[in-house]
Amino acid sequence: MTRWATEVDPDHVLPEYPRPQMVRPEWLNLNGWWEYAVLPRDVEQMGRESDGRILVPFPIESVLSGVERPLRPAERLWYRRRFRVPADWKGRRVLLHFGAVDWEAKVWINGRPVGSHTGGYYPFSFDITEHLDEGDNELVVAVWDPSDTYGQERGKQTLKPGGIFYTAVSGIWQTVWLEPVPEVYIQSFRLVPDLDRGKLTITLAVGGGNGALRSEAVASNGGGLGLEAIAHEGDTVVASATAPAGQALALSIPNPRPWSPDSPFLYDLTLRLLTPDGAVADEVTSYFAMRKFSVGTDARGVKRLFLNNKPLFQHGLLDQGYWPDGLYTAPTDEALEYDVITAKRLGFNMLRKHIKVEPARWYYHCDRHGLIVWQDMPSGGGPWNNLHHLILPNLVVGGVPVKDRPSKALGRHEERSRQNYRKELREMIDALYNAPCIGVWVPFNEAWGQFDAAEIGEWIAGYDPTRLVDHASGWHDQGWGEIKSVHIYFRRLQMPLRIRNRAVVISEYGGYALPVSGHVWRPGQQFGYRRFKSRDELTAAYVSLIRDQLKPLIRKGVCAAVYTQLTDVETELNGILTYDREVIKMDPELLATLHKELIAGE
């Protein structure tokens, strides 16, 4: 258990507002004790009897859920709870929000089906207004999660954890909540900063009735509705503008203050949906940053990663986002923020969120504290293949080139699996698009479920031209894009082959392991790429790795590096922190100084 486990109050579980970039003042948190039952998958209703209580939103496999049992592919997990809609919400529409449910969710209100969703990492909502009764209402959720038996996107989850693969996570694992909205409301919006032109472009999706307003009138001119946007710097209004709700609004930001790890400045933003007569129909508050991620050429003619038109060496940590007590779900928001604060304290300016998508508040903390995020797409497809996922990539320096056409060898021979990947990839980008901290999308890691990476990378670059794409992190590079990405564990750090005029990043390296007595998940079961017996031995090796191997490569062209990893995870002991976050295995001040010198090029 982490230190934060004792702070979990079943009556106020994760009470913080779950959507920091789109805030309304009224909401109702549905986290807490729910009834649950685990039944055969083919059973079509829960029945009145339950197996007991489960603490939402902790996954059923976790200690904090109060259950701590696996969910098998032949089973379905049922949830049930009752709620009352506040009386002063009368006359407004009510939305039911799920932060994330892994993997297939079906939802009923008062016995009536309201919708379903597949995809274990992304928020989804239903308008439940027409299904509500006066007084008590019953909410039922049924979840099927095949884990690593079906080919869907699942990250590092497995029913047989060990090494670099971890305990599977099933069911509700992010906040469930209700929100009142007017009859016509702001459903979503996209924020596109343009630092060079001092402009923020805002596009709006309007919802209403039983779903999104999709008439031609709304598409062309907002159906007479207007959008007002107001940008604030503290209490000072720095820009404001109005436009028809169906058109993009350009907000000019005078003398924009750029966001960076050294100065993570955020502007506050108010968005108002206006009726044809100018009245405010809906209002939300948000924030944004003016920043620019790009690849450029330095004074020596070397391709580099640029932030705000200046080269910046990005040095980060691989961050798996697992917790010993909550698994995918941090016990408290303070715990979630602790990882971000600690990475910054240790002198890193980037985190690579590794084949997992976090709750919105994690990105909010990165935005505020100034950590660049490389966001992985959770991996899926078929099972691990030793030849293609380990031997060929490491047989010789630079690996054996492999074309990634859809194949069984790489786990994507099924059309269903490829279609699901594309669907979930779009969902991920849509959900995270507005987060200022995200600088790089990573669609594939070490060829797990990889297919058509160049085509996928091209699609991402067109869908989100504000960020960079590492199309094939680690190996099976297809020669596409602006980034050449390699993983180096089993040999000395060196420049890769086949760079092809791209920016070079070592997107994984290190993996130095040190078990710390009393802070190990399963004593006797240890995994790490290189093992050490003492803090001093680990520190000496790590300092040498940075100064003698990584630093000389920066001048040659390496412009980013990701050390494995932030924390131990289960039996994988190569974290700088122990799994319970109680021990930092090397002196924090030494690390901070070392990393700041590395980033500064000193």
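Me: In which sense do strand β2 and β3 pair, and over how many bridges?

Reply: Strands of a sheet pair through backbone hydrogen bonds, and the pairing is either parallel or antiparallel. In this predicted model, strand β2, which covers residues 32-40, pairs with β3 in the antiparallel sense over five bridges.

Me: What lies over the face of W33?

Reply: That place is taken by R53, at 4.0 Å from the ring centre of W33. A further case of a charge over a ring involves R530, whose charged end sits over the ring of Y512, 5.3 Å from its centre.

Me: Is strand β21 largely enclosed by the rest of the structure or exposed?

Reply: A residue counts as buried when its relative accessible area is under 20%. Six of the eight residues of strand β21, which spans 267-274, are buried, so this strand is largely enclosed by the rest of the structure.

Me: Which strands pair with β21?

Reply: Strand β18 (residues 226-233) is joined to β21 by seven bridges, and the two run antiparallel; within this pairing, A229 stands opposite L271 of β21. Strand β22 (residues 280-288) also pairs with β21 in the antiparallel sense, over eight bridges, and here L273 has D282 in β22 as its bridge partner.

Me: How many residues lie between β21 and β22 in their hairpin?

Reply: Five residues lie between the two strands of this hairpin, and in the turn G278 has a positive phi of about 95 degrees.

Me: How many aromatic pairs are there, and how should I read one of them?

Reply: Two rings pair if their centres lie within 6.5 Å, and planes over 60 degrees apart count as edge-to-face. By this rule the model has 38 aromatic pairs. In one of them, the ring centres of W4 and W323 are 6.1 Å apart and the planes stand at 85 degrees, so the pair is edge-to-face. W4 lies in the segment before β1 (28-29), while W323 lies in the loop between β26 (314-319) and α2 (333-345), so the pair ties together parts that are 319 residues apart in sequence. W4 counts as buried at 2% relative accessibility, and W323 is buried with a relative accessible area of 2%.

Me: How far apart are the ring centres of W144 and Y150, and which residues form an aromatic cluster?

Reply: The ring centres of W144 and Y150 are 5.2 Å apart with their planes at 75 degrees, so this pair is edge-to-face. W144 counts as buried at 5% relative accessibility, whereas Y150, at 31%, counts as partly exposed. One aromatic cluster is formed by Y121, Y122, Y166, W173, Y322 and Y328.

Me: What is the mean pLDDT of the protein, and where is the pLDDT below 50?

Reply: The pLDDT expresses the predictor's confidence in each residue. Its mean for this protein is 95, and 97% of the residues reach 70 or more. Over residues 210-221, however, the pLDDT is below 50, and this stretch has 21 contacts in the model beyond near neighbours in sequence.

Note on methods
Residues numbered from 1 in each chain as written. Predicted model: local features only at pLDDT ≥ 70, side-chain atom pairs only at ≥ 80, totals over all residues. Heavy atoms only, no water. Phe/Tyr/Trp six-rings, centres within 6.5 Å; stacked < 30°, edge-to-face > 60°. Helix = DSSP H or I, 4+ residues; strand = E, 2+ residues; numbered from the N terminus. Buried < 20%, exposed > 50% of the residue type's maximum accessible area, 1.4 Å probe, protein only. Lys NZ or Arg CZ within 6 Å of the ring centre and 35° of its normal. pLDDT = per-residue confidence, 0-100. Contact = heavy atoms within 4.5 Å. Pairing = 2+ DSSP bridges.
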